[in-house]
Amino acid sequence: MSKDSRSPHDKLLQNFRDVPLFHGLPDDALLVIFVASEERIFRAGEVVVKEGAEGEELFLIGRGAVDVVINFGSTKQTTVGKLGTKDFFGEMCVIEPTSRSATVFATETTFIYSIKSSTLNKLYQIWPEHQTTIMSNLSRGLAERVIKGDPEYELTAY
Amino acid sequence: MTAIEALKKQPLFSWISSAPLEYLVEQAETRSLLNGDILYSAGSPGDAIFLILEGDIEFAHSLGPDKILNKGTLFGECSVIEVKNRRCEAKAKGNTTLLILNHEVLYNFSEKFPDPYSIVVTNLARCLASQIRDLNEKKATTRVEQKDEDNSK
């Protein structure tokens, strides 16, 4: 068996390098985000964010799966999305202050990194050019989701 | 309405000051098409933003009835972040004039005005996130109506 010669630091950073939202960011920027992020574990059924709550964090799924639902816990409950490893959610808060538009809960044991919008704002102060990179990556991911929900959008989006 | 006034009305260009917008309009191509003229074909690279200054643009596709965009509408906005091949043909419906911001213009804009360009990309993310919210709400409403209909049977 070949031994993984990468340092623990490098292995941890790799989790962030592989996330499409952070593609194109150099390691020093990833390190700032990684150090400021908080890793949390959610068991199946546990709520990560609640619809209507104020939000100031973006969430990255390190490993696991979540459901995105509207009207959680009521007879009107509707699943509007399913996300998995390396997907992100709660993205609106990094664009503008807003309340959560849906409830997200883990459907299996899930490792989630929460990243405060203030962390990204600090990053942009040091490296303004990274704002464009992150926003481009964010838009790419969002465009895919819009097209999935409304295939006609792709006809005029490009 | 002038091209710059039409551009200012677009959510994609919200919060952008006059100087960068004037630069964009100066660099942009203005193209006039006659009824039925083809703007682009299916499969061509989607590498430009279009703003309809006059007339309509028709998109023929297999997903449903032809889609028509009218005067004052902007399309091709995702070309700011990536170039994908276009899914269908676009042609003029009636005499039509467009403002075209091609890849080169957008690239030069990003180099000359990095901060306004970053705002444009952020505006795109904001528009897309808003569309996702609308789609989710629509999906939830449809499901509830469907459940109500099923319950009443």
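Two strands pair if DSSP finds at least two bridges between them. Helices (H or I, at least four residues) and strands (E, at least two) are themselves DSSP runs, numbered from the N terminus. The model is predicted: local features need pLDDT of at least 70, side-chain atom pairs count only at pLDDT 80 or more, and totals for chains, interfaces and linings use all residues. Residues are numbered from 1 along each chain as its sequence is written, and chains are lettered from A and ligands numbered from 1 in the order in which they are written.

In chain B, strand S4 (residues 48–60) pairs with strand S8 (residues 89–102). The sense is antiparallel, over 11 bridges. Here Ala48(B) faces Asn102(B) of S8(B). S4(B) also pairs with strand S6 (residues 74–75), again antiparallel, over 2 bridges. Within that pairing, Leu51(B) has Leu74(B) of S6(B) as its bridge partner. Strand S5 (residues 67–69) of chain B is a further antiparallel partner of S4(B), through 3 bridges. Phe59(B) is bridged to Lys67(B) in S5(B). S4(B) and S5(B) are connected by a hairpin of 6 residues.

Chain A contains an open sheet of 4 strands. The order is S1-S10-S4-S7, and the pairing is antiparallel. Strand S1 (38–42) and strand S7 (88–89) of chain A stand at the edges; each has a single partner strand, so one side of each is left without a neighbour in the sheet. S7(A) is joined to strand S4 (residues 57–63) of chain A by 2 bridges. In this antiparallel pair, Leu60(A) is the bridge partner of Phe88(A). Helix H3 (residues 117–126) of chain A packs on the sheet and touches S4 and strand S10 (110–116) of chain A. The direction of H3(A) makes about 55 degrees with that of S10(A). For such angles, axes are lines fitted to C-alpha atoms, for helices over the stretch in contact, and values run from 0 to 180 degrees between N-to-C directions.

The two chains touch. In all, 32 residues of chain A are in contact (C-beta atoms, placed from the backbone, within 7 Å) with 36 residues of chain B. On the chain A side, strand S6 (78–84), helix H4 (129–149) and helix H5 (153–157) each supply at least two residues. H4(A) gives the largest share, 13 residues. By class, this side of chain A has 14 nonpolar, 9 polar and 9 charged residues. Ala, Val, Leu, Ile, Met, Phe, Trp, Tyr, Cys and Pro count as nonpolar, Asp, Glu, Lys and Arg as charged, and the others, Gly among them, as polar.

Note on methods
Contact = placed C-beta atoms within 7 Å.
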